[in-house]
Amino acid sequence: MDSAEIKHRGEVIRIEGSTVYVRMKVQSACSACHARAVCGAGESADKIVEVDTPSAAAYRAGEEVEVALQRKGMGAESVLLAYVAPFFVLMALLVALVAAGAGEGVAALSAIGGVLLYYGVLYLLRDKIRKEIKFTITKQTK
């Protein structure tokens with residue numbers, strides 16, 4: 001694995017088929033990370049990540065593991081989908097509607113509705129996105 005990858009330690013909470021569910025442990029290193037403002041892993045001690053792996057049967061609940069993004073650039077792609085794109089949807093709708101003569105209140109509510117629609121589309125495409133944004137899992141030795 002590349003040292004530029006984003007890695008977090010966690011604990012296996014359950015295994016279902018070929019999917020391992022890992023509860024992320026917040027690390028103190030998050031405070032020094034350059035991506036902490038946009039990364040969700042540092043916000044809460046209860047982040048659960050789904051890791052699809054053919055060796056899921058080799059893991060046990062309670063086991064300590066390390067989870068990392070599989071491909072370089074996935075962190076940036078995730079940030080783009082979750083934070084940057086909705087911001088541009090909001091701003092584009094707001095500016096376009098105000099320029100078209102809509103009142104500020106109507107424009108603001110419509111822009112917020114556009115962001116909700118964007119997140120709805122992301123939700124509908126979650127399986128396709130999940131196939132592209134993959135995590136790897138490795139066992140930790142004590």
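Tyr21 counts as buried, at 12% relative accessibility. Here buried means under 20% relative accessible area, exposed means over 50%, and partly exposed lies in between, with a 1.4 Å probe and protein chains only. The structure is a predicted model, in which local features need pLDDT of at least 70, side-chain atom pairs count only at pLDDT 80 or more, and totals for chains, interfaces and linings use all residues. Residues are numbered from 1 along each chain as its sequence is written, and side-chain values use heavy atoms, with hydrogens and water left out.

Confidence was examined through pLDDT, the predictor's confidence in each residue, from 0 to 100. The mean pLDDT of the protein is 79. A value of 70 or more is reached by 76% of its residues. Among the elements, helix H2 (residues 104-124) has the highest mean pLDDT, 95. Strand E5 (residues 135-139) has the lowest, 75. Where pLDDT is low, the predicted coordinates should not be read in detail.

The protein has three helices and five strands. Helices (H or I, at least four residues) and strands (E, at least two) are DSSP runs, numbered from the N terminus. Along the sequence the pattern reads β-β-β-β-α-α-α-β. The protein has 142 residues, of which 25% count as buried. A contact requires heavy atoms within 4.5 Å. Of the contacts with a separation of 6 or more, 70% join residues 24 or more positions apart.

Tyr21 is found in strand E2. Its C-alpha atom is separated by 6.5 Å from that of Ile48, 27 residues apart along the chain. Residues up to four places away in sequence aside, Tyr21 touches Glu11, Val12, Ile13, Arg14, Glu16, Ile48, Val49 and Glu50. One of these contacts involves a charge. The charged end of Arg14 sits over the ring of Tyr21, 3.9 Å from its centre. For such an arrangement, NZ of Lys or CZ of Arg must be within 6 Å of the ring centre and within 35 degrees of the ring normal. Arg126 likewise lies over the face of Tyr123, at 4.0 Å from the ring centre.

The largest nonpolar core has eleven residues: Val12, Val20, Val22, Met24, Val49, Val51, Ala56, Tyr59, Val65, Val67 and Ile137. Such a core is a set of buried Ala, Val, Leu, Ile, Met, Phe, Trp, Tyr and Cys residues joined through side-chain atoms within 4.5 Å. Strands E2 (19-24), E3 (48-52) and E4 (64-69) each supply at least two residues of this core. The largest share, three residues, comes from E2.

Val22 is found in strand E2. Val22 is buried, with a relative accessible area of 0%. Beyond its neighbours within four places in sequence, Val22 is in contact with Gly10, Glu11, Val12, Ile13, Lys47, Ile48, Val49, Val51, Val65, Val67 and Ile137. The C-alpha atoms of Val22 and Glu64 are separated by 9.0 Å, and these residues are 42 apart along the chain. With the same exclusion of neighbours within four places, the contacts of Val65 include Val12, Val22, Tyr59 and Ile137.

Glu66 lies in strand E4. Its relative accessible area is 18%, so Glu66 is buried.

Thr53 lies in the loop between E3 and E4. At 12% relative accessibility, Thr53 is buried. Not counting residues up to four places away in sequence, Thr53 touches Ser18, Val20 and Ile137. The side chains of Thr53 and Ser55 are joined by a polar contact of 3.1 Å. A polar contact is a pair of N or O atoms within 3.5 Å; within protein, one must be able to donate a hydrogen and the other to accept it, and residues adjacent in sequence count only if both atoms are side-chain atoms.

A search of the whole structure finds two aromatic pairs. The rings of Phe87 and Phe88 have centres 5.5 Å apart and planes at 70 degrees, so this pair is edge-to-face. Rings of Phe, Tyr and Trp (its six-membered ring) pair if their centres lie within 6.5 Å; planes under 30 degrees apart count as stacked, over 60 as edge-to-face and the rest as tilted. Phe87 is partly exposed, at 45% relative accessible area, and Phe88 is exposed, at 53%. The rings of Tyr118 and Tyr119 also form an edge-to-face pair, because their centres are 5.5 Å apart and their planes are at 70 degrees. Tyr118 is buried, with a relative accessible area of 17%, whereas Tyr119 is partly exposed at 37%.
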